[in-house]
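Reader: I would like to go through this model step by step, from its overall make-up to single residues. Could you take my questions in turn?

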Amino acid sequence: MPANRSAQLPVVLLTALAPISWGTTYAVTTEFLPPDRPLFTGLLRALPAGLVLLALTRVLPRGAWWWKATVLGALNIGAFFPLLFLSAYRLPGGMAAVVGSVGPLFVAGLATVLLGERPTVRTLLTGVAAALGVSLVVLKAAGALDTVGVLAALASTASMSTGTVLTKRWGRPDGVGPLALTGWQLTAGGLLIMPLAVLVEGAPPALDGRAAAGYLYLALANTAVAYWLWFRGIGRLTATQVTFLGPLSPLTAAFVGWAALGQALTPLQLAGMGLAFGATVVGQVGVRGAAPGRGTRPGSGSGVGKGRVPVLASRRS
């Protein structure tokens, strides 16, 4: 392995922890949290984590970064969560995750326009292989597809993909680390989700100790730490590298379902896991022009190359 790729390996492995963490969302939601409160769950994932990071970093946006942080927070959190939940509830089985697994192809197209990163034939074929592998893992016998659900799934993927590429393009202000940038986005996204959650779901549900523990895990490990690792990775890797880590989320969900919830894995699903994981690996070693070790400067179009949908391949996330 070339020296630059060897140096990138720790960054890749740390960034991969984000989609792996997101892959536990379904199990935690179904086993610990009140049912049928996806927006409230999204709100508690985003806003408390964002406020904690703001308190830790004590850094607020300045100048143009007020609107940039709002845009990124809306794309990566505020719009992404509700659209993803809508698609997951309206589509059968893991179809929402299958639609979302085209994220690498979305990012490849956006990176061409916004970052000047031309996708190779290898990248496109690897993206198709990743989507096929995820579909074999999560796709169950399906009925008629819901048009609104499909459109919501595509919109959620487009939202997160656009947010990732813009995060890469804008970088972060001088002297501002990825922890502060993560706090800005989670806070902005949570504030955008709040009125929607109140309007659609009403007052918050009563929480017992089990639910409180589940929400604490989602807010801290699953969101604050995971999104920090994700945005940190966006600043140090190419968009293509980061986005090909996305299939690790539904793969982790399938593994947790098998290991912790007693869900069986068929030979076809195992083959799909191997195909998707192979595409993830190829997506790391087949990329040229890795990004520098630090985020790009704000406003610079430099750097190349996010990532796929973090939340899970199921009706609940």
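Author: The chain holds 14 helices and zero strands, where helices (H or I, at least four residues) and strands (E, at least two) are DSSP runs numbered from the N terminus. This is a predicted model, in which local features need pLDDT of at least 70 and side-chain atom pairs count only at pLDDT 80 or more, while totals for chains, interfaces and linings use all residues. Residues are numbered from 1 along each chain as its sequence is written, and side-chain values use heavy atoms, with hydrogens and water left out.

Reader: What percentage of the residues of the chain count as buried?

Author: Buried means under 20% relative accessible area, exposed means over 50%, and partly exposed lies in between (1.4 Å probe, protein chains only). The accessible surface of the chain, from the Shrake-Rupley method with a 1.4 Å probe and, for residues, only the protein chains shown as cover, comes to about 12,800 Å², of which 71% belongs to carbon and sulfur atoms. Of the 317 residues of the chain, the part that counts as buried is 55%.

Reader: Which residues have the most contacts inside the largest nonpolar core?

Author: A nonpolar core is a set of buried Ala, Val, Leu, Ile, Met, Phe, Trp, Tyr and Cys residues joined through side-chain atoms within 4.5 Å. The largest one has 30 residues, and those with the most contacts inside it are Ile77, Phe81, Tyr227 and Trp230.

Reader: Which helices each supply at least two residues of this core, and which residues are included in the second, separate core?

Author: For the largest core of 30 residues, the helices that each supply at least two residues are helix 1, helix 3 (38-57), helix 5 (80-90), helix 10 (178-201) and helix 11 (209-236). The second core is separate and has 11 residues, including Trp65, Val176, Leu181 and Trp184.

Reader: Which residue forms a polar contact with asparagine 76 through its side chain?

Author: Asparagine 76 has its place in helix 4 (residues 65-78), and asparagine 76 counts as buried because its relative accessible area is 0%. Contact means heavy atoms within 4.5 Å, and, not counting residues up to four places away in sequence, asparagine 76 touches Met160, Gly163, Thr164, Thr167, Gln185, Tyr227 and Phe231. A polar contact is a pair of N or O atoms within 3.5 Å, where within protein one must be able to donate a hydrogen and the other to accept it, and residues adjacent in sequence count only if both atoms are side-chain atoms. At 2.7 Å, such a contact joins the side chain of asparagine 76 to that of glutamine 185.

Reader: Is arginine 37 buried or exposed?

Author: The place of arginine 37 is in the loop between helix 2 (25-32) and helix 3. Leaving aside neighbours within four places in sequence, arginine 37 is in contact with Glu201, Gly202, Ala203, Pro204 and Pro205. Because its relative accessible area is 15%, arginine 37 is buried.

Reader: How far apart are the closest N and O atoms in the salt bridge of glutamate 201 with arginine 37?

Author: A salt bridge is a side-chain nitrogen of Lys or Arg within 4 Å of a carboxyl oxygen of Asp or Glu, and by this rule the count comes to one. Its closest N and O atoms are 3.5 Å apart.

Reader: What is the phi of arginine 58 near?

Author: Arginine 58 is found in the loop between helix 3 and helix 4 and counts as exposed, because its relative accessibility is 77%. Most residues other than glycine have a negative phi. In arginine 58 phi is positive, near 55 degrees.
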